[in-house]
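Have the structure open beside it as you read.

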Amino acid sequence: MLLEVRDLHVEFHTRDGVARAVNGVSYGVDAGETLAVLGESGSGKSVTAQTVMGILDTPPGRITGGEVLFEGRDLLKLKEEQRRKVRGAEMAMIFQDALSSLNPVLTVGDQLGEMFTVHRGMSRKDARARAVELMDRVRIPGARERVKQYPHQFSGGMRQRIMIAMAMALEPKLIIADEPTTALDVTVQAQVMELLAELQRELRMGLILITHDLGVVADVADRIAVMYAGRIVETAPVHDIYQAPAHPYTRGLLESIPRLDHKGRELYAIKGLPPNLTRIPSGCPFHPRCPMARDVCRTDVPPLYEVSPRRGSACHFFRECLDA
Ligand code: SF4
Ligand code: MG
């Protein structure tokens, strides 16, 4: 396994009390594999990713348990300087908002080139040539000219391509993309997602794709982990989930995807709101919103039951859910 997160716990100190953002998350991704991590905002998916990358703000965040194994070594035990090396060359992150991640006063060529001058000790001239190559690779037309432009001179979709180019510049083994297409138009979203998936396959990188939109992951992910209230509630190969979800929350997410064959039908929405993380409901944290909830759900926390060898569900009644 390239990356393995084991029983991770992260909390935040807030004025309201301790917010339990991540409560025993375990997941893994292999080289050449794409894991989609799905959930509403506040489900803990970004906090888990930030912990993996070593960019969690501490304080207010605090890692209270678990391991983050990257090629077998626990990143949580590394000193910040070693951590920074891993972060530059072995894993990279792509964020939703390219404009705030790019430096507005440096040309795109200088920013891409910096990856090679700083991390690879290349000359400026060679680094510039590599920057042009990278821009070609992420299919930005006219790379030789556009390398001299500033971030604000690019469209949102082109800027996100630049972010992808930066992330893969040093050919990392793992990329974490946190809502990489959420800010883009639907058609541009599909193109950027395709590009990301294609490069991931070519370079055999592990990819963790964080999203709230189950609609964007069907074609690109191998596995899905669905998060709710800082826990993984279902994990499975992508096709299994689309065929029959084993958790009512996943079912709700699936039924809220707009589909052509459901035209005119009202979209299903999961009722209610995600819980306040300082006061996570007793028993199954999803029970206040769950159409299948019964008494035991209010008292007993469901473990991640084994549905099949590659599949888990944190629902006491996963069999009923599969058959529904
Ligand atoms: Fe719903 Fe109960 Fe399953 Fe939780 S354990 S998802 S409340 S049926
Ligand atoms: Mg987020």
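This is a predicted model: local features need pLDDT of at least 70, side-chain atom pairs count only at pLDDT 80 or more; totals for chains, interfaces and linings use all residues.

1. Residues are numbered from 1 along each chain as its sequence is written, while chains are lettered from A and ligands numbered from 1 in the order in which they are written. The protein chain averages a pLDDT of 92, and 97% of the residues score at least 70; pLDDT is the predictor's confidence in each residue, from 0 to 100. For the complex, the predictor gives an ipTM of 0.96 and a pTM of 0.93.

2. **Overall build.** The protein chain has twelve helices and twelve strands, where helices (H or I, at least four residues) and strands (E, at least two) are DSSP runs numbered from the N terminus. Its radius of gyration is 21 Å, close to the 20 Å that the globule rule gives for 324 residues, so the chain is as compact as a globular protein of that length. (The radius is taken over C-alpha atoms, and the rule is 2.2 Å times the number of residues to the power 0.38.) Along its principal axes, the C-alpha trace spans about 70 × 50 × 40 Å.

3. **The four-stranded sheet.** This open sheet has the order S2-S1-S4-S5, with antiparallel pairing; two strands pair if DSSP finds at least two bridges between them. Strand S2 (17-29) and strand S5 (73-74) are at the edges with a single partner strand each, so one side of each is left without a neighbour in the sheet. S1 and S2 are antiparallel over ten bridges, with Leu 8 opposite Val 25 in S2, and a hairpin of two residues joins the two strands. S1 and S4 are also antiparallel, over eight bridges. Here Val 5 faces Val 68 in S4 as its opposite residue, and Glu 11 stands opposite Arg 62 in S4.

4. Strand S4 (residues 61-70) pairs with S5 in the antiparallel sense over two bridges. Do look at Glu 71, in the loop between S4 and S5: its phi is positive, about 50°, although it is not a glycine. The hairpin that holds Glu 71 has two residues between the strands.

5. **Two cis peptide bonds in a row of residues.** One cis bond joins Thr 58 and Pro 59, with omega about -20°. Another joins Pro 59 and Pro 60, with omega about 10°.

6. **The eight-stranded sheet.** Its order is S6-S7-S8-S3-S9-S10-S12-S11, and this open sheet has mixed pairing. Strand S6 (91-94) and strand S11 (305-308) are the edges, each with a single partner strand, so one side of each has no neighbour in the sheet. Neighbouring strands are turned by 20° against each other on average, direction ignored. Strand S10 (residues 231-237) and strand S12 (residues 311-313) pair in the antiparallel sense over two bridges, with Thr 235 opposite Gly 312 in S12.

7. **Helices across the sheets.** Helix H1 (residues 45-53) lies across strand S1 (3-14), S2 and S4, at about 115° to S1. H1 also lies across strand S3 (34-38), S6, strand S7 (174-178), strand S8 (206-211) and strand S9 (223-228), at about 150° to S7. Helix H10 (residues 248-255) lies across S3, S9 and S10, at about 105° to S9. Contact here means C-beta atoms, placed from the backbone, within 7 Å; axes are lines fitted to C-alpha atoms, for helices over the stretch in contact, and angles run from 0 to 180 degrees between N-to-C directions.

8. **The ligand shell.** Which residues are closest to ligand 1? Of the 13 that surround ligand 1, the closest are Cys 284, Cys 290, Ala 293, Cys 297 and Cys 315; a residue counts as near if its C-beta atom, placed from the backbone, lies within 6 Å. The shell divides into ten nonpolar, three polar and no charged residues.

Key
Two residues are in contact if their C-beta atoms, placed from the backbone, lie within 7 Å. Ala, Val, Leu, Ile, Met, Phe, Trp, Tyr, Cys and Pro count as nonpolar, Asp, Glu, Lys and Arg as charged, and the others, Gly among them, as polar.
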